[in-house]
Amino acid sequence: MAARLALSRWRAAPAAAGRGPLLSCRRWSGAKADTVYDVVVSGGGLVGAAMACALGHDTHFCDKKILLLEAGPKKVWEKLPETYSNRVSSISPGSATLLSSFGAWDHICNMRYRAFRRMQVWDACSEALITFDKDNLDDMGYIVENDVIMCALSKQLEAVSDRVTVLYRSKAVGYTWPYPFPMTDSSPWVHITLGDGSTLQTKLLIGADGHNSGVRQAAGIQNISWNYDQSAVVATLHLSELSDTLSSLVWSTSHEHAAELVSMEEEKFVDAINSAFWSDANHTDFIDSAGTMLQYAVAFLKPTKVSARQLPPSVARVDARSRMSFPLGLGHAAEYVRPRLALIGDAAHRVHPLAGQGVNMGFGDISSLVHHLSAAAFNGKDLGSMSHLTGYETDRQRHNTALLAATDLLKRLYSTSATPLVLLRTWGLQATNAVSPLKEQIMAFASK
Amino acid sequence: MWGGRKLSCSGNRFLGVVISRYRGTQTESTRLITSAVYSENQFSWTPQTKPWVFSEYRIMWFKSYRMTFACLNRIKIYRYPWTRLYSTSRTTVDSSEVKTFLALAHRWWDEQGIYAPLHSMNDLRVPFIRDNLLKTVADHQPGKPLSRMKILDVGCGGGLLTEPLGRLGASVTGIDPVDENINTAQHHKSFDPILDKRIEYRACSLEEIVEETTEAFDAVVASEVVEHVIDLETFIQCCCQVLKPGGSLFITTINKTQLSYALGIVFAEQIAGIVPKGTHTWEKFVSPEKLESILESNGLSVQSMAGMLYNPFSGYWHWSENTSLNYAAHAVKSGVQDHPVPDEFVFKGETEELRGQDSTNAGAQEELKK
């Protein structure tokens, strides 16, 4: 009797919420002829495609059906273009391990990428700098064009096309969520309606559709977000006439300045970059002397080898038509998982590019989620069950929250030229530079 | 079997709220604390949070089954379906119990509801069954490790263990004497086209299908069943008959010790109310030694026996060296004709209790005397 009361409350409330899932559930009870996919990944970007690839290549997913939904058209790359793309990503060693686990890294190595072993960060308002260096000659990370990664992922998706189906030009327009526990005559799966009117059912929906995630909004998951008053300008640069090495630029600056930079002539743009690197217009004597003081103190306490300070590069010219800008912001979903739903990549978290961690956090999400799903599949569990999805959420929220908070703090700290903050960050940077174990910890955290 | 829920969901409701924060999301914690306060009259509660929207479903889980459990306390005569006796010579189906379970039949598949401990027990028993069966085959198909295996799940209930075995590729037959459980199980698997083909459910008892399925199964699973069976000897004999030579029998049950009385009956049923009163009868619990002797006497050689412990606060099970509460056993049917081994019986001194019908009372007295 009271159980019926509970049932009636369940039924009344969704109608009150105005969603109307009750009506659609009655409709679904007859439509069992739709294919039931095991996993549907919504969003075919770097993270979505990598997720579908990783699941497709997992041994415990041999007989499962996976679908990747991508709103854009299929891209065909016959051969590598001569010019470098202006959208690049810094891939950490952990992400490289993930990509090699399903064979995409080999394709990338056959195309083009560049490893780096040293990172130097310096302040515009003082002489402080920090260098990250791996003594044991391991690569710290790799710079790879996004197009190259996508091409490698597409090749690997085609290799498992018996398990993974990719639908291009398909955008989901509606989602119907199941009740938390089975009610009579209601389908336990997630129903997705595509733009062309067709419907699919799935046991687990993975939302990888970027920071304006439709999946996240449809599920009603709260998203903590704010816009930085900054845009990032990206470009491909040619350094020094003699050796003609190429470099990729990401310049975070105010919206007005970004608009100026993108629209100005190429020579003026090159001048703007060079003056930003070399100018000491923002230096003040006070900060300079404070910085020097700490430097002497550190050198006194801990005489170490002085690694050569690398001078900023001189830019010779910029590639034609390689300048673009996009706005920056922060975002973090309050929940990464719901029954039969998981968010990965930018749908779950959006970060400032200053630390080069955005896509690496997404790849980290993929590693964790594939690990949990693989174990669940080997135990015969229902893939959409919260028991293992919450394991993924706990893992990743801990890691991502720390990184997001640190990146946001750094961004705010370095966005100002107010003297007290400049002093704080100058000393902070110098102190961190002096403490090698701390730097090693930072590098280890960022490499995962 | 531990049919109740974890400790957090009964008794002290605020404690339940604090413990339920294992999800770890900030927004939820504030909402849950407000929802902890609700009317003492369980039949008309007023939610303290805003009207139900999908984003509040997690709180609704706790509220809904808390309410249901509260009304369970009011229902006096309450037994789990497995307490229905296994012997076909009598039927003890109480129509009021059947009506109770009709209202709760859908609760089988609520992973946070009253059957939550059974759901989380799958984390132990599915790998136990899967790994032991994989040892008997030379190679297996990745993705479907148990393909080409035929398994019988005796006392399948709502199909909690049957479905994972089906997902691993086995052809599973699930039997249960209670029709409503079979209906629930049938309904639940009907949505998944692959499971629909691999699993078959029948509402019957083991004795009824023994003749038609002699030596038909690679494995028989009797999980949380033997402590509800009145004639264990006949039950094991039937299991042995339906097994192929070299087939495996998997049993999980509760030991008959003072600890299982204290924790399983007194604490779980009477004090904390995790398991509804009257679910278990301590006299029917089976000790590993007794189980082993019955198995050996029927030609099943015991391969492994391991203890299982349930943590009511976290809701997870763990393997343990200690078999004094719950334990799991794996036995293999020998390839030759089985014959009783009298020496073993004389040694264990249990000959009289194991033979004969209506042995429960005599058996219980003998056990207590020991």
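Reader: How many of the 5 residues of strand β9 (residues 172-176) of chain A are buried?

Author: Burial is read from relative accessible area: under 20% is buried, over 50% exposed, and anything in between partly exposed, using a 1.4 Å probe and protein chains only. A strand here is a DSSP run of E of at least two residues, a helix a run of H or I of at least four, and both are numbered from the N terminus. In this predicted model, 4 of the 5 residues of β9(A) are buried, so the strand is largely enclosed by the rest of the structure. Local features need pLDDT of at least 70 and side-chain atom pairs count only at pLDDT 80 or more, while totals for chains, interfaces and linings use all residues of the predicted model. Residues are numbered from 1 along each chain as its sequence is written, chains are lettered from A and ligands numbered from 1 in the order in which they are written, and side-chain values use heavy atoms, without hydrogens and water.

Reader: Which strand is joined to β9(A), and by how many bridges?

Author: Two strands pair if DSSP finds at least two bridges between them. Strand β10 (residues 190-194) of chain A runs antiparallel to β9(A), and 4 bridges join them. Within this pairing, Tyr175(A) has Ile192(A) as its bridge partner. In a regular strand, side chains alternate between the two faces of the sheet.

Reader: Where does Arg169(A) lie, and is it buried or exposed?

Author: Arg169(A) occupies the loop between β8 (164-167) and β9 of chain A. Its phi is near 50 degrees, a positive value in a residue other than glycine. Arg169(A) counts as exposed because its relative accessibility is 65%. In chain B, Arg148(B) also has a positive phi, near 70 degrees, and lies in the loop between α5 (116-134) and β1 (150-154). Arg148(B) is exposed, at 68% relative accessible area.

Reader: Which residues touch the most other members of the largest nonpolar core?

Author: A nonpolar core is a set of buried Ala, Val, Leu, Ile, Met, Phe, Trp, Tyr and Cys residues joined through side-chain atoms within 4.5 Å. The largest has 72 residues, of which Met51(A), Ile91(A), Leu153(A), Ile206(A) and Ile366(A) touch the most other members. Helix α3 (residues 46-56) of chain A gives the most to this core, with 9 residues. A second, separate core of 33 residues includes Leu124(B) and Tyr201(B). Contact means heavy atoms within 4.5 Å; leaving aside residues up to four places away in sequence, Ile206(A) touches several residues, including Val39(A), Met51(A), Leu55(A) and Ile344(A).

Reader: How many aromatic pairs are there over all chains?

Author: Rings of Phe, Tyr and Trp (its six-membered ring) pair if their centres lie within 6.5 Å; planes under 30 degrees apart are stacked, over 60 edge-to-face, and the rest tilted. The count over all chains is 10. One of them, Tyr336(A) with Tyr392(A), is tilted, at 6.3 Å centre to centre and 45 degrees between the planes. This pair links distant parts of the chain, as Tyr392(A) lies in helix α12 (residues 386-414) and Tyr336(A) in the loop between β15 (324-333) and β16 (337-338), 56 residues apart. Tyr336(A) is buried, at 0% relative accessible area, and Tyr392(A) is buried at 0%.
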